[in-house]
Amino acid sequence: MRQKDEYTYTHSIRVMRLAYGYAKYYDLPGHEIKILKYASLLHDIGKLAIPKRILSKNERLDDDEYRKIKKHPHIGYLITKYILHMKDEACIIRKHHERIDGKGYPFGLKSAEIDELSKIISICDAFDAMTTNRVYRKKSNLHDALVELSAHAGTQFDKTILLNFFKYINSKFNTINVFKKG
């Protein structure tokens with residue numbers, strides 16, 4: 001992955017660290033922590049099949065490019081399940097862009113259809129993407145990223161997991177709680 005796209009490589013490591021830290025903080029069972037660790041590290045492995053020009057594009061993707069990028073969770077599923085023989089991790093990778101409201105991809109699954117570990121990766125993925133510089137935009141500060149996540153509670157992100165993520169981030173950075181109640 002590092003040879004294909006340096007950003008995706010370092011992003012994957014940061015997402016794994018966030019997810020692993022969250023899992024340890026909330027004392028998830030050991031087998032779930034192990035699955036989450038590897039699934040979060042490999043969550044974007046499907047981007048190996050996406051053209052580099054799309055991954056490093058510094059402007060908005062056109063419809064065709066966006067359709068291609070939306071295939072990476074399923075491609076990642078295929079790589080991890082059939083090549084790396086990681087069935088549990090593969091299922092989580094395939095769902096990391098699903099949304100609570102059913103507007104995610106690749107399947108448009110809704111809340112109860114998405115497993116907890118995929119929901120955790122989704123939040124860690126978005127948080128890291130917002131708090132790091134991208135080719136097409138500057139990073140957000142910690143407070144603004146948390147406010148943005150909060151704005152999508154119950155639509156994109158699971159409210160309970162998001163609230164717990166905020167508590168975990170607060171334990172690390174002593175932030176204010178910006179989670180909107182209700």
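In the predicted model, Ser12 is found in helix α1, which spans residues 6-25. The residue is buried, its relative accessible area being 5%. When residues up to four places away in sequence are not counted, Ser12 touches Ser40, Leu41, His43 and Asp44.

Helix α1 also meets helix α7, and the axes of the two helices come within 9 Å of each other and cross at roughly 130°. Since angles over 145 degrees would count as roughly antiparallel and those from 65 to 115 as roughly perpendicular, α1 and α7 are therefore oblique to each other. The crossing in which α1 passes α7 is right-handed. On the side of α1, the contact is made by Tyr7, His11, Arg14, Val15, Leu18, Ala19 and Tyr22, while α7 contributes Ile120, Ile121, Cys124, Asp125, Phe127, Asp128 and Ala129. Classified by residue type, this contact of α1 with α7 has 10 nonpolar, 1 polar and 3 charged residues.

In α6, which covers residues 87-94, the buried residues are Glu89, Ala90, Ile92, Ile93 and Arg94. Cys91, by contrast, is partly exposed, with a relative accessible area of 28%.

A search of the whole structure for disulfides finds 0. For Cys91, the closest cysteine sulfur is that of Cys124, and because the two sulfur atoms are 19 Å apart, they are too far from each other for a bond; a disulfide would require cysteine sulfur atoms within 2.5 Å. Cys124 is likewise in no disulfide, the nearest cysteine sulfur to it being that of Cys91. With a relative accessibility of 0%, Cys124 counts as buried, and this cysteine is one of the α7 residues that make the contact with α1.

Turning to helix α9, which comprises residues 159-173, Leu163 lies within this element. Leu163 is partly exposed, with a relative accessible area of 25%, a value that falls above the 20% limit under which a residue is taken as buried. Between Leu163 and Glu98 the separation in sequence is 65 residues, and the corresponding distance in space, from C-alpha to C-alpha, is 18 Å.

Note on methods. Residues are numbered from 1 along each chain as its sequence is written. This is a predicted model: local features need pLDDT of at least 70, side-chain atom pairs count only at pLDDT 80 or more; totals for chains, interfaces and linings use all residues. Side-chain values use heavy atoms; hydrogens and water are left out. Buried means under 20% relative accessible area, exposed over 50%, partly exposed in between (1.4 Å probe, protein chains only). Helices (H or I, at least four residues) and strands (E, at least two) are DSSP runs, numbered from the N terminus. Contact means heavy atoms within 4.5 Å. Axes are lines fitted to C-alpha atoms, for helices over the stretch in contact, and angles run from 0 to 180 degrees between N-to-C directions. Angles under 35 degrees count as roughly parallel, over 145 as roughly antiparallel, 65 to 115 as roughly perpendicular and the rest as oblique. A crossing is left-handed if the near helix is turned anticlockwise from the far one by less than a right angle, and right-handed if clockwise. Ala, Val, Leu, Ile, Met, Phe, Trp, Tyr, Cys and Pro count as nonpolar, Asp, Glu, Lys and Arg as charged, and the others, Gly among them, as polar.
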